[in-house]
Amino acid sequence: MSEHDSSKVVKIHEHLHSHLPSESALRVKALETLLVEKGLVDSRTIDAWVEAYTDEIGPKRGAHVVAKAWTDPDYKRRLMEDAPSAIDELGYLGTATAHLKVVENTDKIHNLVVCTLCSCYPFSLLGIAPAWYKAAAYRSRAVRDPRGVLKEFGIEIDDEVEIRVWDSTAELRYLVIPQRPDDTDDMDEASLAKLVTRNSMIGTDRDLKPDTQGLR
Amino acid sequence: MDGVHDLGGKLGYGAIDVDESDVVFHHAWEGREWGISRCARVPGCTIDWWRHVRELIKPEDYLNRPYFDSWAQTDLAAYLNAGIFAMDEVISGKAEAGHYMAEEAPPVMDKDAVLAQDRKNAFRFDGKVESEPQFSIGDTVFTSSIGHDHHTRLPQYVRGKRGVVQCHHGAHIFPDLSAQGIETHQHLYSIVFEAAELWPEAKGRCDRVYLDLWESYLSGSDANE
C-alpha cells in the first residue's frame, strides 16, 4: 500500500514547500514543462481546455436550464426527477454532473450550496467556480451562519424562510433553481435566461430582477 | 483525517470576497492548471486519493496559497509519489535522462474535441452491492463520533450528531477506501440535520444542513446513550 501512504506524501509536500519558487505562475510552469517534456501532455490540448471553459462551458448553461424549467413544466418535472438526463437533453452533461441534483427555491425555502471539505462544483453546467466559493471564509461559514453569509452578499432572508444548506460531501452536485421574477410572463426562454445570475444558482443570490442583466 | 481542509463551522476566516470580478481565470496560470487537470492523469490516482494528497498540503500553504496553486502542488506531489516525476526534475523544472518518459506521443485536441471529451467525462460513481440499504427515508440516524487518520468525507462538524434520512442514492464508491486504492461501494444517503443540532447559537432557527453520507458513517442508535 506504499503508493497510498499519507506520511510519504507529507514529506513530499515538505520538500515542495522548501524548494518550489513562491510565484504560482512558476510552479504551474514547472508542472506543465515536465508533463510536456515527458510526453504526457501536449500544450495545445491545455490551450483547448482553457478555451472551452472560457468561451463555451459556463454559467450561461445553467441559466438556460433554469429558464427552460421556468417555461416548460414537462422539462422541469424531468429535471427534478433525473437532472443528469434533463441537462443531457441540452448537451450539458459532462464533468462532475453525472449525479446532479436540482433543488428549488420557494417563498418559504432558500437553498445554498457549499463544499466544506474541498471545492466540489458542477463544472459542465456552471463552469469554473468563483474563487470565493473555494476559499476558507465561505466554506467555513456557509453551514454555520448561512444568514450572515447571505447578508454579506446583500441578501436578507426573513426569519420564517427556511435555509437549506447542501454540503457536497459525496459525488452529488447541486443546482439551485431560483424563483422566477414577477412581471416576466411575456418573456421567452432566451430573455429569461439572461436574468439568471451565477450566484442565484449557487444560492448566494435570491430575488432576481426582471430588468437587469444576469449573465453575459 | 482531521486536517485543516475540514473547514465546516470553523470560525475566524474573515470576510468573503463578494466583489470578485466575473472573469473566468484571474491569471493565465490558473487556466493552465485547469487545462493540465483535465488532460493529465496520474496512473492509478482516484479522485479520492487526489483529494487526500491535497488535504496533506502544509496547513499554512493550504490556507494561504491561491486555489489553483494548490492543485498544481497536488499534481506535483501525486506524480512524485507515483514515481513519474523525480524531485530533482521538479526542482530544476527539466525532465532528466534515467527517469520516466512516455513511449507514445500524447493526443492533441482542439476545442471541439475537448468539448466532446468533457461530455464523456460525466463519470458515475454508483454501482451494485449485495446488501439491502440499512436505512429508509425518514429514519433517525446518528453519525459516527470518531474519524480516522486517512481520507474521509464525514466532516468533523457532523460527528456524533442526530439526523434524518432524506434520500437514498443507491450505492456509491466509498471514498475512505478508494483513497487507499480499494474500490468498494456502499449505500449513500442524504442526511438532514437541524441547524440547532449542530450549532449552539442556532437554537430557534428553522434552518437545516444536508450532507451526503455513506452507510458506515451512520448508526441507528446513539452510541453515547
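Biologist: Which residues is A:Tyr138 in contact with, leaving aside its neighbours within four places in sequence?

Modeller: This is a predicted model, so each contact is read from predicted positions. In chain A, the contacts of A:Tyr138 are A:Leu112, A:Val113, A:Val114, A:Trp132, A:Tyr133, A:Val149, A:Ile202 and A:Thr204. From chain B, A:Tyr138 touches B:Ile16.

Biologist: What is the largest nonpolar core, and which residues have the most contacts inside it?

Modeller: In soluble globular proteins, nonpolar side chains tend to be buried together. Here the largest nonpolar core has 125 residues. Those with the most contacts inside it are A:Leu16, A:Leu79, A:Ile87, A:Tyr133, A:Tyr138, A:Leu175 and B:Phe85. Helix α4 of chain B, residues 67-81, supplies the largest share of this core, with 9 residues.

Biologist: How should I read a helix such as α3 of chain A, residues 43-56?

Modeller: An α-helix has 3.6 residues a turn, so residues three or four places apart point the same way. Helix α3 of chain A has 14 residues and reaches 19 Å from its first C-alpha to its last, close to the 20 Å expected at 1.5 Å a residue. At the start of α3(A), the backbone nitrogen of A:Arg44 lies within 2.9 Å of a side-chain oxygen of A:Asp42.

Biologist: Which residues of α3(A) are buried, and what do they pack against?

Modeller: The buried ones are A:Thr45, A:Ile46, A:Ala48, A:Trp49, A:Val50, A:Ala52 and A:Tyr53. In chain A, the buried residues of α3(A) pack against α2 (24-37) and α7 (123-126). In chain B, their partners are α1 (28-39) and α6 (111-120).

Biologist: How many residues of chain B are in contact with chain A, and what area is buried between the two chains?

Modeller: An interface can be read by contacts and by area. By contacts, 113 residues of chain B meet 102 residues of chain A. By area, about 9,600 Å² is buried between the chains, and carbon and sulfur atoms give 61% of that. On the side of chain B, B:Ile16, B:Arg32 and B:Tyr210 lose the most area to chain A, together 8% of what that side buries.

Biologist: What is the count of polar contacts and salt bridges between chain B and chain A?

Modeller: Between the chains there are 54 residue pairs in polar contact, both residues at pLDDT 80 or more. The count of salt bridges between chain B and chain A is 12. One of these pairs is B:Lys58 with A:Glu14, at 3.3 Å from N to O. With 12 residues, α4(B) gives the most to the side of chain B that touches chain A.

Biologist: Where do A:Arg27 and B:Asp69 lie?

Modeller: A:Arg27 is in helix α2 of chain A and B:Asp69 in helix α4 of chain B, so the pair joins two chains. Their side chains meet in a salt bridge of 3.4 Å, N to O. A:Arg27 counts as buried because its relative accessibility is 4%, under the 20% cut-off. B:Asp69 is buried too, with a relative accessible area of 2%.

Biologist: How far apart are the closest N and O atoms of A:Glu171 and A:Arg173?

Modeller: They are 2.9 Å apart, in a salt bridge. A:Glu171 is buried at 12% relative accessibility, and A:Arg173 is buried at 4%. Elsewhere, salt bridges that share partners join A:Glu162, A:Arg164, B:Glu194 and B:Arg208 into one network.

Note on methods: Residues are numbered from 1 along each chain as its sequence is written. Chains are lettered from A and ligands numbered from 1 in the order in which they are written. This is a predicted model: local features need pLDDT of at least 70, side-chain atom pairs count only at pLDDT 80 or more; totals for chains, interfaces and linings use all residues. Side-chain values use heavy atoms; hydrogens and water are left out. Helices (H or I, at least four residues) and strands (E, at least two) are DSSP runs, numbered from the N terminus. The expected span of a helix is 1.5 Å times one less than its number of residues. Buried means under 20% relative accessible area, exposed over 50%, partly exposed in between (1.4 Å probe, protein chains only). Contact means heavy atoms within 4.5 Å. A polar contact is a pair of N or O atoms within 3.5 Å; within protein, one must be able to donate a hydrogen and the other to accept it, and residues adjacent in sequence count only if both atoms are side-chain atoms. A nonpolar core is a set of buried Ala, Val, Leu, Ile, Met, Phe, Trp, Tyr and Cys residues joined through side-chain atoms within 4.5 Å. Buried area is the accessible area (1.4 Å probe) that two parts lose on being put together, summed over both. A salt bridge is a side-chain nitrogen of Lys or Arg within 4 Å of a carboxyl oxygen of Asp or Glu.
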